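User: Could you walk me through this model, starting with where the annotations fall and then how the helices pack?

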Amino acid sequence: MAARSVASPKYAARGCGRTRCTAPGHRARPLQTGMATSREDLRRRRGAGGEAVAAASDSGAKESRSPPAPSALRPGTFWLTRLVLLRATAFIYFVAFLVAKHQNKALIGDQGLLPCKLYLESVKRYFKGKINLDALSYAPTLIWFLDWSSMDSVLDAFAVAGLGISSFVLVTGCANVILMASLWALYLSLINVGQVW
């Protein structure tokens, strides 16, 4: 879009115009106001989409082009927020599973203070000896579908699996829905057999 010259004598007399200067011997330059921005600023803001801005320029003027920013560093991507939030969540899961690994056997294991095996058996008895949707909604845990003969090993396996997944997410910063849903399901399975102390 070509800029129009201003024919007003007051701009010409001062040596600068709104868009182009009309004074003899004065170099033309765009007016920099608070609302106006240069083409280079627009290109930087738009990132890789800067090619859509018109490439028209004054004759003989060369514009310096900066390389496009990597996609992760572009404004509006929230890459730092995602990274911090993901690793903070993984750290919380790591600490929770580490505590579960050290305390579950003493608290809800086979010889624990409130064994979860007895708790699950009483819930099963309350729902007429069946593991149905009511029993699952009352105590949602994956332990319903496992062998209860050695509850200590089941609790340790859940804690170790949670430690492994959360440490992977914490170190690499990579996660997906499957990993995060697995962490949630493992921890939900442990806390729902913990009972009220």
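Predicted model: local features only at pLDDT ≥ 70, side-chain atom pairs only at ≥ 80, totals over all residues.

User: Where does UniProt place the "transmembrane region" feature?

Analyst: The unreviewed UniProt entry puts it at residues 79-100 and 157-187; such positions are in the numbering used here, feature names are shortened, and annotations may be inferred rather than shown by experiment.

User: And how far apart are the end C-alpha atoms of residues 157-187?

Analyst: They lie 12 Å apart, in a span that is 87% helix and 0% strand. For residues 79-100 the end C-alpha atoms are 32 Å apart, with 100% helix and 0% strand. Helices here are DSSP runs (H or I, at least four residues), as are strands (E, at least two), numbered from the N terminus.

User: At what angle do H3 and H6 pack?

Analyst: Helix H3 (residues 79-108) and helix H6 (residues 151-172) pack at about 160 degrees, with their axes 8 Å apart. The axes are lines fitted to C-alpha atoms, for helices over the stretch in contact, and angles run from 0 to 180 degrees between N-to-C directions. H3 and H6 are therefore roughly antiparallel, a term for angles over 145 degrees, while those under 35 count as roughly parallel, 65 to 115 as roughly perpendicular and the rest as oblique.

User: What about H7 against H3?

Analyst: Helix H7 (residues 177-191) packs against H3 at about 30 degrees, with the axes 11 Å apart, which means that H3 is roughly parallel to H7. The axes of H6 and H7 come within 10 Å and cross at roughly 150 degrees, so H6 is roughly antiparallel to H7.

User: Switching topic, which residue forms a salt bridge with Asp 156?

Analyst: Lys 105 does, with the closest N and O atoms 3.3 Å apart; the rule asks for a side-chain nitrogen of Lys or Arg within 4 Å of a carboxyl oxygen of Asp or Glu. The pair links Asp 156 in helix H6 to Lys 105 in helix H3, 51 residues apart.

Conventions
Residues numbered from 1 in each chain as written. Heavy atoms only, no water.
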